[in-house]
Amino acid sequence: MPAFKLGKMVLRSLFKKPATLMYPVIPREWQERTRGHIENQINDCIFCGICQKKCPTNALVVEKAKRSWTIERMQCIQCSCCVEVCPKKCLTNENTYTSPSTEKVVDIYVGAAPEPKPVPKVEPKVEPKVEQPKAEAEVVEEKAD
């Protein structure tokens, strides 16, 4: 009897599509909700550090003074916690994973220096000159000359 079950399974699999894909030849189609690698739109980032505090694996390092955002790709577990708490929504999950590697991958994003705010020019306040009436004695002396 076991030979019949095995034969039935072999015959069934001969006429079906394979269960696996030929990966390099046929690329995988990612689902919409796939949690892939984290990307940062560094120009929108305010370097608040909330994503660093929320990361369960401490894969993120945010340095506000240097305006840099660093992620260790091999330490990140793609949990999407940092994406959810970002106040500026500059973090996104891409639909691809980090490629396998034997070395640690560390990505460093550096933001541009903030533009200095224009300082409004303050002109000195000039009080309007109000002519005061001259004393009568002065008026008389001026006429005499």
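This is a short chat about a predicted model of one protein chain.

Q: What is the chain built from, in helices and strands?
A: The predicted chain has 4 helices and 5 strands. Read from the N terminus, the order of elements is α-β-α-β-β-α-β-β-α.

Q: How much of the chain is buried?
A: Of the 145 residues in the chain, 20% are buried.

Q: And the contacts, what share of them join residues at least 24 apart?
A: That share is 68%, counted among contacts between residues at least 6 apart in sequence.

Q: How many of the residues of H1 are buried?
A: The count is 0 out of 13, and H1 is hardly covered.

Q: Now the strands. Is E3 enclosed or open?
A: E3 is largely enclosed by the rest of the structure, because 4 of its 5 residues are buried.

Q: Which strands does E3 pair with?
A: E2 is one partner: E2 and E3 run antiparallel and are joined by 4 bridges. Strand E5, residues 106-110, is another, pairing with E3 in the antiparallel sense over 5 bridges.

Q: Which residues are bridge partners of Ser68?
A: Ser68 in E3 is the bridge partner of Glu63. Towards E5, the bridge partner of Ser68 is Val110.

Q: What do E2 and E3 form together?
A: They form a hairpin, with 4 residues between the two strands. Arg67 sits in the turn.

Q: What is the phi of Arg67?
A: Arg67 has a positive phi of about 55 degrees, although Arg67 is not a glycine. The loop that holds Arg67 runs between strand E2 (60-63) and strand E3 (68-72).

Q: Which other residue has a positive phi although it is not a glycine?
A: Gln78 is one, with a positive phi of about 50 degrees. Gln78 lies in the loop between E3 and helix H3 (81-85).

Q: Why does Gln78 count as buried?
A: Gln78 counts as buried because its relative accessibility is 17%, and the cut-off for buried is under 20%.

Q: What does Gln78 touch?
A: Not counting residues up to four places away in sequence, Gln78 touches Arg35, Gly36, His37, Tyr97 and Thr98.

Q: What lines the largest cavity?
A: The lining has 13 residues, and Cys45, Phe47, Cys48, Cys86 and Cys90 are those nearest the centre. By kind, the lining of the largest cavity divides into 11 nonpolar, 1 polar and 1 charged.

Q: Tell me about Cys45. Where is it in the chain?
A: Cys45 is in the loop between strand E1 (38-40) and helix H2 (50-54). Cys45 is buried, at a relative accessible area of 10%.

Q: And what is Cys45 in contact with?
A: Leaving aside neighbours within four places in sequence, Cys45 is in contact with Asn40, Arg67 and Cys90.

Q: How far is Cys45 from Trp69?
A: C-alpha to C-alpha, Cys45 and Trp69 are 9.0 Å apart in space, and they are 24 residues apart in sequence.

Q: Back to the second largest cavity. What lines it?
A: The lining residues include Ile38, Cys55, Leu60, Ile71, Cys76 and Gln78. The lining of the second largest cavity divides into 9 nonpolar, 3 polar and no charged residues.

Q: Last one: what about the largest pocket, how is its lining divided?
A: The lining of the largest pocket has no nonpolar residues, 3 polar and 4 charged. Glu32, Arg33, Thr34, Arg35, Ser80, Glu84 and Asn93 line this pocket, and its volume is about 160 Å³.

How values were computed: Residues are numbered from 1 along each chain as its sequence is written. This is a predicted model: local features need pLDDT of at least 70, side-chain atom pairs count only at pLDDT 80 or more; totals for chains, interfaces and linings use all residues. Side-chain values use heavy atoms; hydrogens and water are left out. Buried means under 20% relative accessible area, exposed over 50%, partly exposed in between (1.4 Å probe, protein chains only). On a 1 Å grid over the protein atoms alone, a cavity is a set of points where a 1.4 Å probe fits but cannot get out, and a pocket is an open set with protein on both sides within 12 Å along at least five of seven lines; lining residues have an atom within 4 Å of a point. Ala, Val, Leu, Ile, Met, Phe, Trp, Tyr, Cys and Pro count as nonpolar, Asp, Glu, Lys and Arg as charged, and the others, Gly among them, as polar. Grid points are joined across faces, edges and corners, and a volume is the space filled by probe spheres set on the points. Two strands pair if DSSP finds at least two bridges between them. Contact means heavy atoms within 4.5 Å.
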